Structure formats: C-alpha cells, structure tokens
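Subject: Structure handover

Hi,

Here is the structure I promised to pass on. Please open it alongside this note.

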Amino acid sequence: MVKVGCTELQYQREREYYSRIVPVVQQIKKRHNVANKIQQQETEFFKHLSNSLRVDSLPQIAGLLKRLNERLGQNLTIDLFLLQCPVAFAASMGRDGLVSKGESREIIVIVSQHFLNNLKDVEQLSVLGHEVAHLIFGHMEVPGKIILTTETSLAGQPTLKSDTLKWMICREISCDVLGLVACDCDEEAFSSAMLKFFTGLSPQVLCVEGLLTQLQESSFRQLDDIHESPFDPVLSSHPLTPLRLKLAKLLVQSALIGKYGSAVSQEELLSLKKEFNQMIDTQVRRIYPDIVSGEGQAAEDEVGYDICLAVALADGKVTSDEMVAIAKIVGDSPYARTRLRQTRERLIRTRGTEIGAELVRSAVQKARGRRLSKSEIVRLLKKMLVVAATDRTLENSELDMVYSFAKEFGVTQQDIVILVHQMGLR
Ligand SMILES: [Zn+2]
C-alpha cells in the first residue's frame, strides 16, 4: 500500500520535460554568464527582503503555516515576508537560493499586502500551497527565466528553450494542484484567491452574490474561444488564468485528489494517476497542443501536416513561405521532414495537384480512423486556411483543396465561407 501524498500529485508532463532539460541545464548553470545571472537574480530576490516585513511569527500567520505544513504532510520552515507592491504578488525561493534541490527544508515566501488585505485564510492557504510546492517539487533547481533569456549556443539542443517554457507551464499546474490541496480542495476559495490576485478585484466587489461564478463561467467561455481560434496562444511562463480556473474546477472532483492522504494499492495508484493526468492533459491540449504530444496527438499532427501540405500544393508547388507557415502551424517532426522530402522528389515527375489530392485522401482515412470530432476537424480546416492565406490571396484552387477534405466530414462550402470570414481572411 502507498499513501497518496504531494509527490503523487505532480503533473506527469512536468516530469517528462524536466528529465529532458535537466542534464543540459546542469551543464549550462556552470557557464560563466548563466552563473552570473543566477547570482544576480538571487541578490535581487534577497534585496527585496530588506524592504519587507517578516510576518511568520504573528500568531495568526504561524497558525496558518502550521496548517499548511500539516495539510501537505511537510515540515518546512516557511519565512513569510510582506512587501508593499502596487500589483498583487507572491514569489518564493529556497533559503539556499536557486541551487537548492527539493531536499532543502527552508523556503522564503514574499507576498504583497494584498495577501493580508484581501484574502481569507483559506484563500491564503491556496496561495501559500502553490508557492511552497515550487520547493517541494524541486523547481528551484532549474532557473527557467534565465535559460529563456540567455543567448546560449547549444549545439544539439535546439529545443532547450521551448522545452523549458513548456516545463514552466506544466510546473505551475503541479503547484496549483498543491494549492488546491492546501486549502482542503475548496475550489471556490482557490478560484477567488486567483481572481483577486489576477484581476485586482477587491473582496467587496467579489462578494456580490453570484459574481464569482459569473466570472468563472466567462473565463471558461474565453477558454473555448481560444480553443476554437486557429492560432495557438503565445506561450508564456504561466498558464492562462482561465485554464488554471478550469483545471481547479475539474481536479477537485478527481479520484486521486479524493484519495489524498489515504493509502491505496500500487495498482490502484497507477490507475488513479493515469486518470488524473489524462484529465489535465485534455485541458492543456486544448490550449497548448504543443505541450501534450502523445500518440493520439502525433496522428493528429500527421493529418494536419498532410492537409496543410496539400493546400500548399494546390497551385502545383510549395513555396518557402508556405513551408515556414506549415512548420509554425503543425510544428516540425521527423514525419514532416520525411513527407516534405518525398513530396519534393515526387514533384519532379508528378503534378502538385495530384500529390495534394493523394495527401488529402490518406488524411481523410487517418482522420476517420482517429474518429476526430467536428470541432477537431474545424480546427484542422482553420490550419489549412491559414496556409492558403500565406501568399495573401486565397485562390479558388486552394479553397477547393480545403473543401475536398471538409466535405468528407459533412462540412459544407458555405461553412468554409463562414470560417474564412470569421478568421478575417477575406
Ligand atoms: Zn508559481
């Protein structure tokens, strides 16, 4: 039997990206310029402390920190500092700075006055739970922001920066999970704390009957809009707030979190973790398809690649602008490279439109095999249209190619016209 604790609640994608980047990061950290930046970042963090008021010995705060440790099954020394700041803010660092691994038991958390002014104690627990999770999960070891902003000539490591960015998004999700657990899975408290911090809305405004729910719902609609948009959101180091709210709402109902603190068999744990991680994956994939690339995703990417290439071939050739667009939309992969090479070779003897038609036929079969939903099909069509619009004009031959794929899934020519207008392409 195993006790379900914090470690079991770490988002598995985070670990995958972590193990991918950490060997390289260990090397880079030794480099002069990076080591200097780490030093600088630490100094800046510790400089804040001199302008801050230490509050962890206040009886009410000490009690809160004790509850936090108990709830997370930890024995951390948490130094809590209050810093006056125009925007609501919380940040943390291991006592030993950025070099500490998860083993360090002492953490410094700095919060702005909003933490005490605007948050109820259960909301405070959710914020603190998130912050100490960075230490529990060993996040301090990878200086993410520094890696993103440092010019590193990394032969053979072309994906380090993008992997780091993906890891950073995933790690925030892991921390949110502990934030939820810290406040006893009080999803409302978790969400109101997040909304207060991100919108700056005061408790007086947020306590209006029903407003919190309305804001949540509106943020979920925003999430759907982003999902339906043909362009993926720009990756930034924190997941979009609406996504975090949505995950909180879903995850409090997950069986794994329900079993937090109790003992389960090894077998049960495996299946609970699988379900839990799939729940997160499903939501993350809708917004950041690049982050979740499982088998299913690979098949979808193949379909996406083939039909985008088919659109590019509608006028008989593939231009380099079109190649750049396709790589941006579908991403680069061994499959894509092989496909492109084959296509270029075939173009010597075969007409582009003919190859395009073949690509569409095989994509239709694959999409059917994958049982893609209507919204997934629409998403693919939007990708095709973006490629078609790359050379500024939407040619009829390109639209015909889009339609040849669309019609197999019950999408009409009129639907495509509507899509084109919605996307502002005409
Ligand atoms: Zn965080």
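First, the ground rules. This is a predicted model: local features need pLDDT of at least 70, side-chain atom pairs count only at pLDDT 80 or more, and totals for chains, interfaces and linings use all residues. Residue numbers start from 1 along each chain as its sequence is written.

Domains. The chain splits into domain 1 (2-287) and domain 2 (295-422). The bounds come from an automatic or database domain assignment. Taken over C-alpha atoms, the two centres are 38 Å apart.

The sheet. Helices (H or I, at least four residues) and strands (E, at least two) are DSSP runs, numbered from the N terminus. Four strands make an open sheet with mixed pairing, in the order β2-β3-β5-β4. β2 (53-54) and β4 (90-94) are the edge strands; each has a single partner, so one side of each lacks a neighbour in the sheet. Strands β3 (residues 77-83) and β5 (residues 106-112) run parallel, paired over seven bridges. Pairing requires at least two DSSP bridges between the strands. Leu-82 sits opposite Val-111 in β5.

Helix α5 packs on this sheet and touches β3, β4 and β5. Contact means C-beta atoms, placed from the backbone, within 7 Å. The direction of α5 makes about 30 degrees with that of β4. Angles run from 0 to 180 degrees between N-to-C directions; axes are lines fitted to C-alpha atoms, for helices over the stretch in contact.

Asp-121. This residue lies in α5 (residues 121-136). Is Asp-121 buried or partly exposed? Asp-121 is partly exposed, because 13 other C-beta atoms lie within 10 Å. The cut-offs are 20 or more for buried, 12 or fewer for exposed, and partly exposed in between, with C-beta atoms placed from the backbone. Asp-121 and Ile-61 are 60 residues apart in sequence, yet 9.0 Å apart in space, C-alpha to C-alpha.

Helix α11. Eight of the eleven residues of α11 (residues 241-251) are buried, so the helix is largely enclosed by the rest of the structure. Among them are Pro-242, Leu-243, Arg-244 and Lys-246.

The helix pair. The axes of α8 (residues 187-199) and α11 come within 9 Å and cross at roughly 170 degrees. The two are therefore roughly antiparallel, a label for angles over 145 degrees. On the α8 side, the contact uses Glu-187, Phe-190, Ser-191, Met-194 and Phe-198. On the α11 side are Thr-241, Arg-244, Leu-245, Ala-248 and Lys-249.

Best wishes

Technical notes. Contact = placed C-beta atoms within 7 Å. Parallel < 35°, antiparallel > 145°, perpendicular 65-115°, else oblique.
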